[in-house]
Structure formats: C-alpha cells, structure tokens
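Morning, everyone. Let me put the fold up and walk you through the sheet.

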Amino acid sequence: MVTVKMLKPYYIKADDNYVRVILAYQYFAVFINNKVYQFVPIESKEIRINRRTKKVENLGARFAFQKGKDIIYMAMSELISLPDFLVQLHSIADPYYLKTEEKSEPDYENKAIIDELEQLNMKRLIDKALDNRDYEAFQSLVKLL
C-alpha cells in the first residue's frame, strides 16, 4: 500500500497556463509497504498542473523514491490515484489557479425554465404511469406535484 507522508514544493512556478510544482530531496516522501521512501530527482522533478482545468498534465512523468540502495519508480498516473496525494497537491496549487468570475446575481430566468421543464417531465411521468396502470407510481408522482 502506498500513501503520501509528506509533499512540500521546493518552489512553485506559475505561468499563463500552468502551475509547476518543483520537487527536491527531503520535500516529498511516501510510505510503501510501511517503509518511508524519499524522493530523489533522478528522472522527473516537476508536477505540471493546468491553471484553468486544475488537472495534472504530465501524466507520463516518472518519479524515483529511495530508501537506502533500494529505488522505486512511480508514474504520475499512479501518484494521482492516491487521494491524499491529490488533496495535498491541490492545496499547494490552489492559490495559483485561475479563478472564474462568479455571477453576482442569480440567473432567475434559467431557474424558471428548469422548474417549468421539471414540472412538464413530472406530468409526462404521471401520464406514463396511467398508461401502464401503475397505481403506486401514479400516487408517488402526484405527491411530488
């Protein structure tokens, strides 16, 4: 079983499209089979995240972890399957994400259209229950009106 013990960036670099989390010795460690393995920058040393979609882009990157003379390689695709890795990574990168502008006033017109469509759908379901002579479905749908 693999879990993240520590994930701290050596530094963070943000450009127009990406947040780059740069890793170094002693800033990233994982538990693998109850043993602590430290990150070593043999191959990849960067996590690249899209600032708009908040998705990790360099899924093919391989990271090396060492304990003594034993070195284990893990692909980014393996790391992002660990929930604690994603939680820590997104908490690190969150200040660098591009914030979408939120609407200041609710869109009442869209809500009215959705409500109307839901009511029409409910009536169609009631008609279908009547056509199928499904009394129980009819009763439960009428209560929702």
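Helices (H or I, at least four residues) and strands (E, at least two) are DSSP runs, numbered from the N terminus. Residues are numbered from 1 along each chain as its sequence is written, and side-chain values use heavy atoms, with hydrogens and water left out. This is a predicted model: local features need pLDDT of at least 70, side-chain atom pairs count only at pLDDT 80 or more, and totals for chains, interfaces and linings use all residues.

Now the sheet. Five strands form it, open, in the order S1-S4-S5-S7-S8, with antiparallel pairing. S1 (2-7) and S8 are the edge strands, each pairing on one side only. Neighbouring strands are turned by 35 degrees against each other on average, direction ignored. Axes here are lines fitted to C-alpha atoms, for helices over the stretch in contact, and angles run from 0 to 180 degrees between N-to-C directions.

Strand by strand. S4 (residues 28-32) joins S5 through four bridges, antiparallel. Phe31 has Val36 in S5 as its bridge partner. S5 (residues 35-40) then pairs with S7 (residues 62-67) over three antiparallel bridges. Take Gln38: its bridge partner in S7 is Gln66.

Next, S7 and S8 (residues 70-75). Six bridges, antiparallel. Phe65 stands opposite Ile72 in S8. The two strands form a hairpin with two residues between them. In that turn, Gly68 has a positive phi of about 65 degrees.

Last, the helix. H2 (residues 83-93) lies across S1 and S4. To S1, helix H2 runs at about 25 degrees. Contact means heavy atoms within 4.5 Å.

How values were computed:
Two strands pair if DSSP finds at least two bridges between them.
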